[in-house]
Amino acid sequence: MTTRSARSRIWHATGWPGVIEAYRPYLPVSPKTPIITLLEGNTPLVFSRAASSRLGRSAEVYLKYEGLNPTGSFKDRGMTLAISKAVEAKSVAVLCASTGNTSASASAYAARAGLRSIVLIPAGAIALGKLSQALIHGAKVIAVEANFDACLALVKSLAQRHPITLVNSINPYRIEGQKTCAFEICDVLGRAPDFHATPVGNAGNITAQWKGYREYHRLRKISQLPVLLGFQAEGAAPLVKGRIVARPKTIATAIRIGNPASWQGAISARDESHGLIDAVSDREILEAYRLLAMEDGVFVEPASAASVAGLLKLARSGHFKRVRTPGRRPLKIVCIVTGHGLKDPERAIKSIRLAKPLPPSLSAISKAAGLG
Ligand code: AN7
């Protein structure tokens, strides 16, 4: 916590002030709110040649590289606000259930704020990088022999019984903070994209993104709204199936969720934007995961690749050929890539076989390197 004048000196030194200061008029903060920030947000929109060239028509696809947030995922946008408001409310501890990224973000921001954090994770089902983050930031990490949905039900009960702040996305400040992703996209493109593709798990993010676009539209910062395309993993696709999935299954552990908390928010985002929520197979997810890394140089975690996997699936079915744009300008499409590839190094190593070590012999190594 810093005073206002000290804060402005710090911004001067650091440039970007974090999402709360950057979008203060749009967020539920007052001059009295202590701002807990790691200077999250302002993530790049990286042009994707790999995806653009596969759309089957003239199109510019951009990746909103949310893995470049301070803890490596989009969760930081919501967490800066949720933790700031928890401090303002004099809370001493925060609590969440998580498939990994929420716990990484909550524990980092709680550490910065001097709050205790407690996180419930499905045992053995979160990526190693995320677990290491929660541990090193000092969270009380409780592995539960159950899936994420059961962990979420448990933390809801705990939060009702104890004076601690729940920082899952049912906390409305999480959604408020995460809507800044849509603001940034519009500020950079000078308009909303034609299509906005995003992975969907607990559905807080798609809800937040749509809220952001709607608010910018209402304020006439943009004249057109995007069509939202949400993608779930095939084995964890309750919104596509229209019913809870009791035993969700996918290699994309971040979105292995069978009963999304923001179910209705996702459905509204889909319907109001005339969009869709579809499923992609693990195979399609891993193909997109490798494609982004190999052709675009962008390393994302498997769940994040669901947005691109879904986009390419729609492209193959001819979905975008029918879409008209004024003056036949190229379609502008943004894919949210939600988390960094380094969160889950085991998956990368499993996807690409590492050859066995060689002796330090020039000829053996030249041969192995394909140099003849
Ligand atoms: C990389 O950390 O739910 O649809 O507990 O980590 O807003 O849930 C993570 C979700 C997409 C889905 N991509 O976002 C958690 C958690 C990544 C994620 C999602 C998550 P929502």
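Begin by selecting leucine 55, which, setting aside residues up to four places away in sequence, touches Val61, Leu311, Leu312, Ala315, Phe320 and Ile333; contact here means heavy atoms within 4.5 Å. The model is a predicted one, in which local features need pLDDT of at least 70 and side-chain atom pairs count only at pLDDT 80 or more, while totals for chains, interfaces and linings use all residues. Residues are numbered from 1 along each chain as its sequence is written, and side-chain values use heavy atoms, with hydrogens and water left out.

Now select helix α4 (residues 75–88), whose 14 residues should span 20 Å at 1.5 Å a residue, in agreement with end C-alpha atoms that are 20 Å apart; the expected span is 1.5 Å times one less than the number of residues. Because 13 of its 14 residues are buried, α4 is largely enclosed by the rest of the structure. Within α4, pick threonine 80, which is buried with a relative accessible area of 0% and which, leaving aside neighbours within four places in sequence, is in contact with Val19, Ile20, Ile36, Thr37, Glu40 and Tyr109. Just after α4, lysine 90 takes a positive phi of about 65°.

Two further backbone positions can be selected in turn. Most residues other than glycine have a negative phi. Asparagine 42, however, has a positive phi of about 55°; this residue is found in the loop between α2 (19–22) and β1 (45–47), and at 47% relative accessibility asparagine 42 counts as partly exposed. Alanine 203, in the loop between β7 and α10, has a positive phi near 75° and, at 3% relative accessibility, counts as buried.

The structure holds 1 cavity of 30 Å³ or more, and the largest cavity has a volume of about 330 Å³. On a 1 Å grid over the protein atoms alone, a cavity is a set of points where a 1.4 Å probe fits but cannot get out, and lining residues have an atom within 4 Å of a point; grid points are joined across faces, edges and corners, and a volume is the space filled by probe spheres set on the points. Select Phe74, Lys75, Gly201, Asn202 and Ala254, the closest to the centre of the largest cavity among its 28 lining residues. The elements that give two or more residues to this lining are α5 (101–113), α8 (172–178) and α10 (204–218), with the largest share, 3 residues, coming from α10.

Note on methods
1 Å grid on protein atoms, 1.4 Å probe; cavity = no way out; pocket = protein on both sides within 12 Å on 5 of 7 lines; lining within 4 Å. Helix = DSSP H or I, 4+ residues; strand = E, 2+ residues; numbered from the N terminus. Buried < 20%, exposed > 50% of the residue type's maximum accessible area, 1.4 Å probe, protein only.
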